[in-house]
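Hi,

Here is the structure I promised to pass on. Have a look at it first, and my notes follow below.

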Amino acid sequence: MGGFTLDDILATRKPRDSWWTVFMVDPLACRLALLVANHTSITPNGLTRLSMLIGFASAAAFTEGMLVAGAVLFYLSFTVDCMDGKIARLKGTGTPFGLWLDYVGDRVRVVCCAFGWGFGEYTRTGDTDVVLAAVGVVVLDLFRYINGPQLKRVKDATRALLEARLEGQFVLAESVLRSRPRTELGQAAAEFGQTVADDTDDTDRTDRTVVDLQKAFHARFPWYDRFRVFLTRHRVRTHVVSGIEFHAAVFVVGPLFGLRAMVPVAAVSGALLLAFEMSLVYRVWLASRQVPSTAAEREKVLV
């Protein structure tokens, strides 16, 4: 077995992740991953399958009305799910099929736990609110993971349109920030300009102007860039209520406070998830509207 250290495991963490994962799961997942890496030969896909089995056990506990046990098992299932990627990156044993298994496993776990909780409580109490809440959880989870890829398609199409208008003579601000994630946009753009000036002549520097398709968004929410930098320095992504936080609220926090808390917690966390998803749609919409004016401004510079 390999003699990996905790620092080796920590180096496999994602550069940015959900705040629930960073603060509530990774401290345990990293240490368990260290034990698995050094003392077992279990593969990342094996960990994914184990996570799914624990998820099914969580669903069974919810069905039987054992809410605390269901919450603990769901947390453990997600913790194991966070380990498979770390082991894959550490040992280089990940597979393309593992990506599919991990993604589908997450969706199956949510569906099973939601309906296990919803219909389990309905059979005992006859309360239709829990059934409606369970259906709502599944619908919102599916919307979250359908909306993400579609927004990426829109962003790719927006970039392609801009490239066609400007003939590729630009760099997007988000690309600059990706290379300087802990720097505010203005400073990152200035540093990029200095780097280009050091490496190329002045003409090339002009050709590679930083284009911010989120200019309208940043003008309306000037505090956002500072907020982004603050979160990034703590390895937290700006989408602070993503599917992970939603799942944690519904299947861990809510059950720990009892049956009466579960429907309100699901409703509030669902509303927050939907609000943040709509904020992403809003940003992409603003970016798509920015293309014509950005192209016009750039063409004036080049004339």
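Among contacts (heavy atoms within 4.5 Å) in the protein between residues at least 6 apart in sequence, 76% join residues at least 24 apart. Keep in mind that this is a predicted model, where local features need pLDDT of at least 70, side-chain atom pairs count only at pLDDT 80 or more, and totals for chains, interfaces and linings use all residues. Residues are numbered from 1 along each chain as its sequence is written, and side-chain values use heavy atoms, with hydrogens and water left out.

The overall picture: the protein has 13 helices and 2 strands, taken as DSSP runs (H or I, at least four residues, for helices; E, at least two, for strands) and numbered from the N terminus. Its C-alpha atoms fill a box of roughly 75 × 50 × 30 Å along the principal axes. Of the 303 residues, 45% are buried, meaning under 20% relative accessible area with a 1.4 Å probe, protein chains only.

α6 (residues 128-166) packs against α12 (residues 243-256) at about 165°, and their axes are 10 Å apart; axes are lines fitted to C-alpha atoms over the stretch in contact, and angles run from 0 to 180 degrees between N-to-C directions. So α6 is roughly antiparallel to α12 (over 145 degrees). On the α6 side the contact is made by V137, L140, D141, R144 and Y145, and on the α12 side by G243, I244, F246, H247, V250 and F251.

Cheers

Conventions
Parallel < 35°, antiparallel > 145°, perpendicular 65-115°, else oblique. Buried < 20%, exposed > 50% of the residue type's maximum accessible area, 1.4 Å probe, protein only.
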